[in-house]
Amino acid sequence: CCMTTHLGSPMFGTVHELHELFYSWSFRSPSFPVETKELIVATVLGLNCAALQLEAGDALGMASAEPAVDTVRALWATSSLAVVGRAPAESARAPSISCHIAYTLSGSPGGFAQTARSRLRSSVSLEDLMYQHGSDKSKDDHKYTDLYSMLFDPIRGQVSNVMEVGVSAGNSLRAWHDYFGQAQIHGLDVQPPPGFSRADVEDGLRPFHRVRVHWANSQVADDVRALGFAAGSMDLIIDDGDHTMHGQERTLLLLWPLVRPGGYYMIEDVEWDMKKTGSYPLAHSPEQLQSGTRQILQSNDAFFADTTVGHRAWDLWQQRTGEEYTKDRVSHNSHLLVIRKRTVPLAPVKVNFR
């Protein structure tokens, strides 16, 4: 299918050329312009060519393009895209096709690409996004996506502000950006990972226009104050920082005021007591915690979760992470502490069991 735009020469020639493009190194390279890539993918999805839709989904890191098809068709219907002809699905891989497609973009092509990108991403699951962006929160790593999807799928379009402590190379920030399509995403870290400069991390996140990195220490009060965030401004805070109990506790005490009523605070990779199998002091030893931490946990809604239940690649995960992080099925750092800030005060204590 030949596609011609009002911008001048045809963008790409035949469906065969698009097919070759999806499998080329350049298309999968991070340096390939994101807007161009996703405009092409949106166009292919709009053409209703079944074979190319699957390849388009693969190009975006999705297991299948099907979840995005209806979204893109709706986008076409509202963006003055005129389809002159359609390629039959069985001809999608043919090198020469007589069918021609002509379309015109009304308004800014960049605006269309941005809208297409936003709607495509908002239809992709968190599970697929964590795979796509190489985050170790994925289902075959810490498996945090199981819990996060259960909690946040119903509200993903209502979240406005997200903060994650621990940026590394920005993998999960990219996923949060694509998952929470209306949210500002704030990454907080002291320094970039080995082999990266601050500029490297920031440049890698530049295409994700709602992401901002703050170079600060979440455990230092002056650093947190200097960020300038208002109390109650965050819908979700995720601590994926230094993974020590004392570091997680200090970060919680300093960042908790930023969580809005009804908002969530997540502590990932909760540290276990190396001397005591299956003991996690942050959850199991309140006598070791500061009074402020105990007050937060007792006055709000909280639970502790092992997300590795049903892990389909446990042996490989244990081998990759090593005994320091994954000793066995009980002692490992794939535990989450989930806290939701209450919107109403607690009632007086009343234990019903007799």
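**Figure 1. Salt bridges in the predicted model.** The structure shown is a predicted model, and its salt bridges come to a count of eleven. Four charged residues, namely Lys137, Glu164, Asp240 and Glu268, are linked in a network of such bridges. The following two views present individual pairs.

**Figure 2. The salt bridge between Glu268 and Lys137.** In this pair, the closest N and O atoms are 2.7 Å apart. Glu268 belongs to the loop between strand 7 and helix 13 (281–284), whereas Lys137 belongs to the loop between helix 7 and helix 8, so the bridge ties together parts that are 131 residues apart in sequence. Both Glu268 and Lys137 are buried. These two residues also take part in the network that includes Glu164 and Asp240.

Figure 3. The side chains of Asp235 and Arg260 meet with an N to O distance of 2.5 Å. This pair links distant parts of the chain, since Asp235 lies in strand 6 and Arg260 in strand 7, 25 residues apart. Asp235 has a relative accessible area of 11% and is therefore buried, the cut-off for this class being under 20%. Arg260, with a relative accessible area of 29%, is partly exposed. In the other pair, the side chains of Lys139 and Asp146 form a salt bridge at 2.9 Å, N to O. Lys139 counts as partly exposed because its relative accessibility is 23%.

Figure 4. The strands are arranged in the order 5-4-3-6-7-9-8, and their pairing is mixed. Strand 5 (211–215) and strand 8 (301–306) stand at the edges; each has a single partner strand, so one side of each is left without a neighbour in the sheet. From one strand to the next, the twist averages 15°. In general, strands of a sheet pair through backbone hydrogen bonds, in either a parallel or an antiparallel manner.

**Figure 5. The pairing of strand 6 with strand 7.** Strand 6 (residues 234–239) and strand 7 (residues 259–267) run parallel and are joined by five bridges. Within this pairing, Ile238 stands opposite Met266 of strand 7. The salt bridge of Asp235 and Arg260 also connects strand 6 with strand 7.

**Figure 6. The largest nonpolar core.** This core holds 30 residues, of which Tyr148, Phe152, Val162, Trp176, Phe180, Leu236 and Met266 touch the most other members. Several elements give two or more residues to the core: helix 7 (126–132), helix 8 (144–152), helix 9 (171–179), helix 10 (198–205), strand 5, strand 6, strand 7 and strand 9 (335–340). Leaving aside residues up to four places away in sequence, Phe152 touches Tyr179, Phe180, Leu236, Tyr264 and Met266. A second, separate core of 24 residues includes Leu188, Val224, Val270 and Tyr280. In soluble globular proteins, nonpolar side chains tend to be buried together.

**Figure 7. The chain as the setting for the close-up views.** The secondary structure comprises 15 helices and nine strands. Of the 354 residues in the chain, 47% count as buried. Among contacts in the chain with a separation of 6 or more, 69% are between residues 24 or more positions apart. The chain exposes about 16900 Å², and carbon and sulfur atoms supply 53% of this area.

Definitions and conventions:
Residues are numbered from 1 along each chain as its sequence is written. This is a predicted model: local features need pLDDT of at least 70, side-chain atom pairs count only at pLDDT 80 or more; totals for chains, interfaces and linings use all residues. Side-chain values use heavy atoms; hydrogens and water are left out. Two strands pair if DSSP finds at least two bridges between them. Helices (H or I, at least four residues) and strands (E, at least two) are DSSP runs, numbered from the N terminus. Axes are lines fitted to C-alpha atoms, for helices over the stretch in contact, and angles run from 0 to 180 degrees between N-to-C directions. A nonpolar core is a set of buried Ala, Val, Leu, Ile, Met, Phe, Trp, Tyr and Cys residues joined through side-chain atoms within 4.5 Å. Buried means under 20% relative accessible area, exposed over 50%, partly exposed in between (1.4 Å probe, protein chains only). Contact means heavy atoms within 4.5 Å. Accessible areas come from the Shrake-Rupley method with a 1.4 Å probe; for residues, only the protein chains shown count as cover.
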